[in-house]
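Hi,

Here is the structure I promised to pass on. Have a look at it first, and my notes follow below.

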Amino acid sequence: MVWVNVIIQGVLTGGLYALFASGLSLMFGVMKVVNLAHGDLAVVAGYIAIGIIFVTHVPVLLSFVIVVPVMAALGYALQRTLIQSALDRSVLTTLIVTFGLSVVIENGLLQFFSANTRGIGVGLSLVTASWNIGSQIQIAYLLIVIFATAVVALLGLQFFLSRSKYGRLIRAVADDREAAQLSGADYRHVFGIAAALAFGTVALGGVAYGMYSQLAPTTGTDTILLYAFAAVVIGGLGSLWGTLLGGVVLGVAQQIGAQINFSYEALAGYLVFLAVLVVRPEGLTSRKAQS
Amino acid sequence: MSLATESTATRPVPDFRVTRSQRNVVWTGIVALVIVAVLAYFPYIFYAGTTTILVQAFIVLTLASMWNLLAGYAGLISVGQQAFVGLGAYFVLILAINGVSPFAALPVAVIGCGVAALPLWWLVSRLRSGYFAIATWVLAATLLLIIERFSSIGGGTGMALPGFTGANPVLLTADTYWAALAVTVAALVSIYLLLRSRLGLVLTAIRDDEVAARSSGARVGLARLLVFLVAGAGCGAAGAVLAISQLQVQPSAVFSVQWTAEMAFATIIGGLGTIEGPIIGTAVYMVLQQTLASYNAWYLIILGLVAIVVALFARRGLWGLVDERLHLRLFPTGYWLRYNGVTDQRSGVGPLSRMFPPRNR
């Protein structure tokens, strides 16, 4: 029964990792940008939520309503300015610019908010309350809420990409930029929309992580970016539902590692990532290599 | 080992002359020798404070030169070179625990890191460009987590470097300085020779146009592997010097992504794809770091912002600005084409890569 509990916990944290990973995967899929500042932006979102809650005392869950649009707008703006001008030069330049952004954000947070960890208090009932099955299985409501949020977010993203006008544009531009442009699509605007979606999901992930655990300036890279990437590779590059599968596999591996020895949590996740890289570098879901 | 196919047609074209450089570079060689000799004399004339700062500069210069080789020539953006800094430091620590002098352990660490780069390449080479970058980062994080498991080499807190008990501190500082200088000179000379070799030609071809290089028979994968091994060994050497100069090894410090940030930004600012670039970049880095030393993380913030601006608006870096005006190469690795002795720009004379500009850039 202990192991059943471990697996349930792993699956549920996998939802959180899918929130991190889907934005990374989307930006790579549409504009071939690997945003190395992805995780740091999630931390920024978490810090904004902490600031909003501190100043306005809005209920914690409502902070999403403010943070997600703010980060989506920031995503659009960053894509249209910094990232687009890097993209116009070369792929190498986008890596250098987003890596520079990552270092600047991380050290900026360190400078202004210290290295202290901060959590987002959710209100006691939701954190401590859990759903107990027998004596061994305890599932925190918060984790269920986060997992449900992740699934709803992915469903929404899927629906948006397959049904809406902008979703069609995004897919068209991702498939063939020149052809989409000839048909009258302004690819820069479409890239901006895709970046807004990616930043929105990672903002959700950042705030959720702040509720589930603690945020610090370095969380953005040593946890969020690397876990997001591991989930993307495990699940298969360029697949939206693959990120959920990848997140779940990563989460389960980490929880199993933590059950063996508390300090093996992160290592177990990375070892599974490396194993997937060796055995199936194209990821678990895709049929052929797309890397 | 042949990296590229031999060119078959060598028609005699008397009016053209291909040279390594537009100017005579014998004097740059002499000046370089004089500079190294003067630098080697520094411990006799300066206090330990100065040489300690220079050791730091040598470490950054070695790292930046290696990152430049990866990114500027092989098109490999690694964000995980701290893996080799850490491994180099730990090779020295482990050998020192077993009674080997840390200075004798240094060359072993270099070879060890070069060898360790082979399996790591096998793992990360499955991914391309951006995903390659994060994969190297994950590898560095994984190595850190594994090394922290071993309490005999300090576990998560690290340990002091044994082997120097009773050593004369003045001599130790001087020896550390000479070791750092030797590592840097060796790194620069090997990169220079590497780029002048056949491998360098292949690398320049990859840098300019990978598809064209492949179709001309260049073994791109092998060239990249060799560069990754050399860069691994070089960063390991810097890590070994770091361990000796700090007299301790702390896992989260030696495996910090900050090393990659420093080497990448120094290279970008100085000029990617030239040997001179990292030297200029390291100078800029040291000035910023020393001026802003009392303001904590500000030097990294400013360095990052400058690197972003340079990457966007002055893509060939500070050295690129110099080169555009003077066509100066202190370390000539490319070729110049002269026609009838005319060497100015109007007749289209320039580095071959500029005369035949790459596509898609």
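A definition before anything else: I call a residue buried if 20 or more other C-beta atoms lie within 10 Å of its own, exposed if 12 or fewer, and partly exposed in between, with the C-beta atoms placed from the backbone. Helices (H or I, at least four residues) and strands (E, at least two) are DSSP runs, numbered from the N terminus.

Please keep in mind that this is a predicted model: local features need pLDDT of at least 70, side-chain atom pairs count only at pLDDT 80 or more, and totals for chains, interfaces and linings use all residues. Residues are numbered from 1 along each chain as its sequence is written, while chains are lettered from A and ligands numbered from 1 in the order in which they are written.

Now chain A as a whole. Twelve helices and two strands make up its secondary structure, and along the sequence they run α-α-α-α-α-β-β-α-α-α-α-α-α-α. The radius of gyration of chain A is 19 Å, which agrees with the value near 19 Å for a compact globule of 291 residues. (That radius is taken over C-alpha atoms, and the globule rule is 2.2 Å times the number of residues to the power 0.38.) Along the principal axes, the C-alpha atoms of chain A fill a box of roughly 65 × 50 × 35 Å. Of the 291 residues in chain A, 53% count as buried.

I count two residues as in contact if their C-beta atoms, placed from the backbone, lie within 7 Å. Among contacts in chain A between residues at least 6 apart in sequence, 74% join residues at least 24 apart.

The largest one has 215 residues, and A194(A) and V92(B) have the most contacts inside it. α9(A) provides the largest share of this core, 16 residues. Helix α9 of chain A spans residues 187-212 and reaches 37 Å, close to the 38 Å expected, and 22 of its 26 residues are buried. Leaving out residues up to four places away in sequence, A194(A) touches L26(A), M27(A), V30(A), M31(A) and I170(A).

On to where the two chains meet. The contact takes 37 residues from chain A and 35 residues from chain B. On the chain B side, the elements giving two or more residues are α5 (129-147), α11 (258-270) and α13 (298-313). α5(B) gives the most, with eleven residues. That side of chain B divides into 26 nonpolar, five polar and four charged residues (Ala, Val, Leu, Ile, Met, Phe, Trp, Tyr, Cys and Pro count as nonpolar, Asp, Glu, Lys and Arg as charged, and the others, Gly among them, as polar).

The two strands of chain A are worth a look too. β1(A), residues 130-133, and β2(A), residues 137-140, pair in the antiparallel sense over four bridges; strands pair if DSSP finds at least two bridges between them. S130(A) has A140(A) as its bridge partner, and N132(A) has Q138(A). Three residues lie between the strands of this hairpin, where G134(A) takes a positive phi near 65°.

Two residues other than glycine also turned up with positive phi. K32(A) has phi near 60° and is found in the loop between α1 (2-31) and α2 (38-56) of chain A. K32(A) counts as partly exposed because it has 14 C-beta neighbours inside 10 Å. For L247(B), phi is near 60°, and its place is in the loop between α9 (220-246) and β3 (248-249) of chain B. L247(B) is partly exposed, with 14 other C-beta atoms within 10 Å.

Cheers

Notes:
Expected span 1.5 Å × (residues − 1). Core = buried A, V, L, I, M, F, W, Y, C linked by C-beta atoms within 7 Å.
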